[in-house]
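Subject: Structure handover and notes

Hello,

Here is the structure we talked about. Please open it alongside this message, then read on for what turned up.

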Amino acid sequence: ELYRRLQAVPSLRLRSGLIMHINSKFIALCGAPECGKDTVADAIVQFYSAARVDDGLGLRQACMAFYGLSWDDVATHQGKRKKKTINGVTYTHRQLLGDLGRLLEGKYGEFVIPEAAVLKLEEELRVGTQAEKTFYVFSSVRMRQPHFYKSRGGVVIQINRPGKVAENDFDLWDKSAVDYTIENDGSMDHL
């Protein structure tokens, strides 16, 4: 079913029957935590000549080094729910990631994180450690970051899932930049 819905390259067929034409190398996915961004990204990779780019990799690595967290602590939903106490204040690992991201954006500009991811991808393509693909999928797009991808001709897809909402300000995204929306009821059959 999912393959049928994602069959027409360079188009994605959505649940509503809407066909969207993707004429860009960049697909930016937005949505609340656990709404299905990774599932959509994996489907695009599986059915197209696409590659996922971990746009939050540098941030995850910094949190691991600075706070002594593991990969699971910074990359999985379960790990991000865990807590760490710093100077007598307890934070979830998600909060630590978000706060560090906001500090970087405050110092270096709101697009520092996606720009670093794209620059790393471009370098990997240049030296041959990344193969050329039809699409590059970024699945951790937040705040005003969708505008970064749009400014480079990217397509922004929002994934909605009932009951999943952004609880932190750093998990929100600028909905004015959204090109298409996927309604995810939690079932691959209906995605």
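This is a predicted model: local features need pLDDT of at least 70, side-chain atom pairs count only at pLDDT 80 or more; totals for chains, interfaces and linings use all residues.

The contacts of Tyr 136 are Lys 25, Phe 26, Ile 27, Ala 51, Val 53, Leu 121, Leu 125, Gln 130 and Ala 131, with residues up to four places away in sequence not counted. Tyr 136 is also one of the residues that touch the most other members of the largest nonpolar core. Phe 26, Phe 138 and Tyr 149 are the others named there, and the core has 16 residues. Two or more residues come to this core from each of S3, S4, H7, S7 and helix H8 (145-151). As background, nonpolar side chains tend to be buried together in soluble globular proteins.

Now the overall picture. The protein has eight helices and nine strands. It has 191 residues, and 42% of them count as buried. Take the contacts between residues at least 6 apart in sequence: 65% of these join residues at least 24 apart.

The sheet comes next. Five strands form an open sheet with parallel pairing, in the order S4-S7-S3-S8-S9. The edges are strand S4 (50-53) and strand S9 (180-183); each has a single partner strand, so one side of each is left without a neighbour in the sheet. On average, neighbouring strands here are turned by 25° against each other, direction ignored. Strand S3 (residues 26-30) and strand S8 (residues 155-160) run parallel and are joined by four bridges. Within that pairing, Leu 29 has Ile 157 of S8 as its bridge partner.

Two helices to look at on this sheet:

- Helix H2 (residues 37-47) packs on the sheet and touches S3, S4, strand S7 (135-138), S8 and S9. The direction of H2 makes about 150° with that of S4.
- Helix H7 (residues 112-127) also packs on the sheet, with contacts to S3, S4 and S7. The direction of H7 makes about 150° with that of S7.

There is an antiparallel pairing too. Strand S5 (residues 83-86) pairs with strand S6 (residues 89-92) over four bridges. Lys 84 stands opposite Tyr 91 in S6. The hairpin of S5 and S6 has two residues between the strands, and Asn 87 takes a positive phi near 50° there.

On to the rings. How many aromatic pairs does a search of the whole structure find? The count is six. Phe 26 sits in strand S3 and Phe 138 in strand S7, 112 residues apart, so to speak a link between distant parts of the chain. Both Phe 26 and Phe 138 are buried. Phe 148 and Tyr 149 also form an edge-to-face pair, with 5.2 Å from centre to centre and 90° between the planes. Ring pairs link Phe 26, Phe 111, Phe 138, Phe 148 and Tyr 149 into a cluster.

Is Phe 148 buried or exposed? Phe 148 is buried, with a relative accessible area of 1%. Tyr 149 counts as buried as well, at 0% relative accessibility.

Leaving out residues up to four places away in sequence, Tyr 149 touches Phe 26, Ala 28, Asp 55, Pro 114, Val 118, Phe 138, Val 141 and Gly 154. Tyr 149 and Ala 177 are 28 residues apart in sequence, and their C-alpha atoms are 9.5 Å apart in space.

Two last items. The charged end of Lys 175 sits over the ring of Trp 173, 4.0 Å from the ring centre. Asn 168 lies in the loop between S8 and S9. At 18% relative accessibility, Asn 168 counts as buried, because the cut-off is under 20%. Asn 168 touches Arg 94 and Gln 95, again without residues up to four places away in sequence.

Best wishes

Methods. Residues are numbered from 1 along each chain as its sequence is written. Side-chain values use heavy atoms; hydrogens and water are left out. Two strands pair if DSSP finds at least two bridges between them. Axes are lines fitted to C-alpha atoms, for helices over the stretch in contact, and angles run from 0 to 180 degrees between N-to-C directions. Contact means heavy atoms within 4.5 Å. Rings of Phe, Tyr and Trp (its six-membered ring) pair if their centres lie within 6.5 Å; planes under 30 degrees apart count as stacked, over 60 as edge-to-face and the rest as tilted. Buried means under 20% relative accessible area, exposed over 50%, partly exposed in between (1.4 Å probe, protein chains only). A charge sits over a ring if NZ of Lys or CZ of Arg is within 6 Å of the ring centre and within 35 degrees of the ring normal. A nonpolar core is a set of buried Ala, Val, Leu, Ile, Met, Phe, Trp, Tyr and Cys residues joined through side-chain atoms within 4.5 Å.
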